[in-house]
Amino acid sequence: MSLHLDLKLTLLLIMTVSAFLPCPHNVKMIAVDMDYMLHWDWNYTHLENPVNFTAEYTLQYSEDEHEPYTRVCEGSRDRWCNFTHCRLHFSGMYWVRVRAEAGLQYSDWTTITFTPDEDVLLSSPSIVNVMADIDVLTLTISKSVMSDPMKLQYRVQYWERLKPEQKHMEVYDSPHAPLSSLTSRTEYCVQVSFFSQIYNKSSNYTSPQCVYTKEVHYTGHNNTAPAPYGAHYVSIRRAFGTRPQRKCPAEGEDGLYVDAVILGMDWRLVFLVCEVFFMTHWASSNRLSPPRRVNVQSSVLTWDPPVDHTGITYAVQYNTTLSNWSDVSKTPQRMFNFTAAPEDFYGKRFRVRSERGNQTSDWQMSKLVQCAHLHTCAPIIELKVETDKVHLLMKHRDQSVKEENGRHINFNPLYWKRNGTKNKQVFNSDHLVFKDLESGEEYCFQVEYLLYEKPHGKPSREICTVIPETSTQRKWRVIIFGVLTVMGLAIVGSFLYFVYTHHKRIKALLQPPLDIPEHIEEFLFSDFPQHPAPHPVTQSYDFISFVEEVAEDEDRRDLENDEGNASST
């Protein structure tokens, strides 16, 4: 008895003391990219024992309601705990908690929620290399670890250093970002940030980097002749001396010169050489620069503009066969969005070219459009029904989805009874067997993609089938039917035998009675009243008088009889 009392007092003392140990406060998860650090404050120092901390986490919406917490830090004296190595799902929702411990004392848990895709912060690009040309700055930006899960884009802001109020911005899908149509011999400043349109998040801009565009260099005789398109030169040399420089009879503004170093050459030959080079230069200058980096992603065809894109429109075509091409768009924009297009562009190939008036560029081809390039990508499923189980076979339309997303893309099979609710089950394999379905019921099956635990693309086609009965159920059905048939035959046979052996009694019981009812017998055997035959009516007053007298006599006799009976009584 005293032992129990001491134990109760000890527990009460521990609970009482532990209640005075304060909880950690100002608990927050600082998530930058894929680095997750839990921080908290705890300023209570009036304790004899050193204070340690324990931090744990668990998934909020788990199928197991009693799923235990996963301990990350235990007995740590730091005011932080590193959750980076826990490999938390980017789209998951978690409970995170921490408490203080000092000897036998411990505080209550302080719990917060943590959702990586909502709470994460993006870091700025770590490296931005800038290469300068005459009128172009080419940026090479380091990729972020969040580029794939968040589909990051690159936002580039640039301006002339002497005109900081006139800032321009360009958006790129790739880390290679050219800034064209700039002014030569001008100092430009650039800064870059990441942003995700899907999650509505962006990083801070990098520190501005300023660089000069290059100067235009002219080449020719004595370095005085301009050559904006890259001049052509002919040096025809003989060993017998020189003649002064001659300008070709072509368009002077094109800056085409011939340094004809000749001896004894006829002027007509010089004119012919100049004409040949002028035609070559004119043909090359009449062609526009083609678009660059033609790419398809999420049912959107994008491309980068050429260096000189002033007044440029873009023609877009796709191939219906190997040799036939059809126009789908002509736009000044740098993209073609076919998310709402009625055509199925899977397995097709796009090509884009620049156009300005009568000038055109060469066609630039895209890659073959595969499932990973479409927002409507759906798995392919097959159903194999056996007597006691159903096989669901799942496969990709092509391997591009798996190659691009790796282990982050999974199948999510859905199955339900007709007019019932859908059951979901995340599955990594491509073969699923169902054995617990009700026989005779109609079930429907469908599969969708899960990318980072969120639906991706479109669901597959829906297949419905009636589940056949198992061999055991079929045997029981045959047995029950046989038993009922035998019982029915036995009952019918017994009934017929009873009728055969007792047919006389049954006949007697069913025979109607032989007595004639009284009212029928009275009707049949009673005397019928004798009525005198009717005589023809004559117009004789005597006869009528006789009838009246007879009637009066009868009435009189009846009256006398009644009086006599009354007196005798």
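1. Cysteine 464 is partly exposed, at 27% relative accessibility (buried is under 20% relative accessible area, exposed over 50%, partly exposed in between; 1.4 Å probe, protein chains only). Its disulfide partner is cysteine 444, S to S 2.0 Å (a disulfide is a pair of cysteine sulfur atoms within 2.5 Å). Cysteine 444 lies in strand β30 (residues 442-451) and cysteine 464 in strand β32 (residues 463-466), so the pair ties together parts 20 residues apart in sequence. Strands (E, at least two residues) are DSSP runs, numbered from the N terminus. Cysteine 444 is buried, at 0%. The link is right-handed, with 100 degrees about the S-S bond.

2. This is a predicted model: local features need pLDDT of at least 70, side-chain atom pairs count only at pLDDT 80 or more, and totals for chains, interfaces and linings use all residues. Residues are numbered from 1 along each chain as its sequence is written, and side-chain values use heavy atoms, leaving out hydrogens and water.

3. Cysteine 189 and cysteine 210 are also joined, S to S 1.9 Å. Cysteine 189 sits in strand β14 (residues 187-196) and cysteine 210 in strand β16 (residues 209-212), so the bond ties parts 21 residues apart in sequence. Cysteine 189 is buried at 3%; cysteine 210 is partly exposed at 35%. The torsion is about 100 degrees, so this disulfide is right-handed.

4. Cysteine 73 and cysteine 81 form a disulfide, sulfurs 2.0 Å apart. Both are buried. The link is right-handed, at 90 degrees about the S-S bond.

5. The disulfide count is four. Cysteine 23 is partly exposed at 31%. Cysteine 86 is in no disulfide; the nearest cysteine sulfur, that of cysteine 81, is 7.1 Å away. Cysteine 86 is buried, at 17%.

How values were computed. Helix = DSSP H or I, 4+ residues; strand = E, 2+ residues; numbered from the N terminus.
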